[in-house]
Amino acid sequence: MEYMAALRMIQIEMGDVTTDEETVIHKMTDEDRHRFMSDPEIKYAVVDDEIHDKQCEKLRGVSNDFISFIPNYQDHYKPCSICAVRACIRAGAEDFENLEKYVEFYNSHGIYGKAIRKMYIVHKCSTKLDTGVLTIRNREDTWKIADLGKDGEVKLMHNSYNINSKGERVFNGNFHVQVERTNFSNALNRIYNYDSSDNPRNHIENEAGKLEKKNRKRYRKLSIIGKLKAKRRKRLIKKYGLDGEIHLSGFRTIEEFGYPKENQICAYLWETASGDRYWMIGSYSPNYKLFHTEFYGSRKNVKQENVIAWKPLNDEGFRIR
């Protein structure tokens, strides 16, 4: 509830004013001001269309006749040049008592006034800071930005979820690595631009697609002669089978055996759209329809349609010859 409406209700209850629409609300007293300053729900003050954190030093000499207190940040007011950062952090920090640590943390990663305002006011994020890890809640999702302690690099983590029979996300309380190494600004942009409104499976980053992009980029950098050689090699491989023979001893083809059980540890063979083949060790998730593995915090996903065959990890003869 806005300050003026709340104050009017208090005054009506106390008998200070009537409910007549033309009645002018009484001026704020020193006692009112002290009460609003002490109220944790009241966070801001407005003077001459300029919004301040309620503890801004510029408010000390302002008369009660020219100041009003409000609970929420209103971005149509002009921000105070002195307390703008403090006011923005107060809007969303669940642990506002760590204000100095917030400022130090943000500034160490090149995040200042405009970027802080964008986080808390424009995108309405809420945050909590704990020993170099910033937890950010934005819309339905929770993220963690962890300081890696080197050249301003951070790791971005995202809340993990399962997909129920209706195709809806069900958060499980865990986190997975979204970006292994990046800078703070890029991490924030990933959070702002994240969209889970369409099919959640569309947000899975497929390893086959990533390699396909790398191969195309590498091909574009080749000379004309290099490109001709690459095309000729592919034609010969396809025509004469020059890749040699792959023995799938113990491997079970998808066509014949289907997919493994959920979370079964196995090796799997997969290929990109251009026919390049790879192998990996991990497990299968029927909910996400992918095979995945994780090491050193980096997650590798392969969509099930790219997988050719798989083999239980505890099986003998575990090798490709």
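Trainee: In which loop is R139 found?
Mentor: The model is predicted: local features need pLDDT of at least 70, side-chain atom pairs count only at pLDDT 80 or more, and totals for chains, interfaces and linings use all residues. Residues are numbered from 1 along each chain as its sequence is written, and side-chain values use heavy atoms, with hydrogens and water left out. Strands (DSSP runs of E, at least two residues) and helices (H or I, at least four) are numbered from the N terminus. On that numbering, R139 is found in the loop between β6 and β7 (141–147).

Trainee: Is R139 buried or exposed?
Mentor: Phi of R139 is positive, near 55°, although the residue is not a glycine. Buried means under 20% relative accessible area, exposed over 50%, and partly exposed in between (1.4 Å probe, protein chains only). With a relative accessible area of 57%, R139 is exposed.

Trainee: What is the relative accessible area of T131?
Mentor: T131 is found in the loop between β5 (126–130) and β6 (133–138). T131 is not a glycine, yet has a positive phi of about 50°. This residue is exposed, and its relative accessible area is 75%.

Trainee: Which residue in the turn of the β8 and β9 hairpin has a positive phi?
Mentor: Two strands pair if DSSP finds at least two bridges between them. Antiparallel strands β8 (residues 154–163) and β9 (residues 169–182) are joined by 8 bridges, and N159 has F175 in β9 as its bridge partner. The hairpin leaves 5 residues between the strands, and the turn residue with a positive phi, about 80°, is G167.

Trainee: What is the bridge partner of E50 in β4?
Mentor: Strand β2 (residues 50–53) runs parallel to β4, and 2 bridges join them. In β4, the partner of E50 is K78.

Trainee: What percentage of the 321 residues is buried?
Mentor: The protein contains 9 helices and 15 strands. Among contacts (heavy atoms within 4.5 Å) with a separation of 6 or more, 54% involve residues 24 or more positions apart. Buried residues make up 38%.
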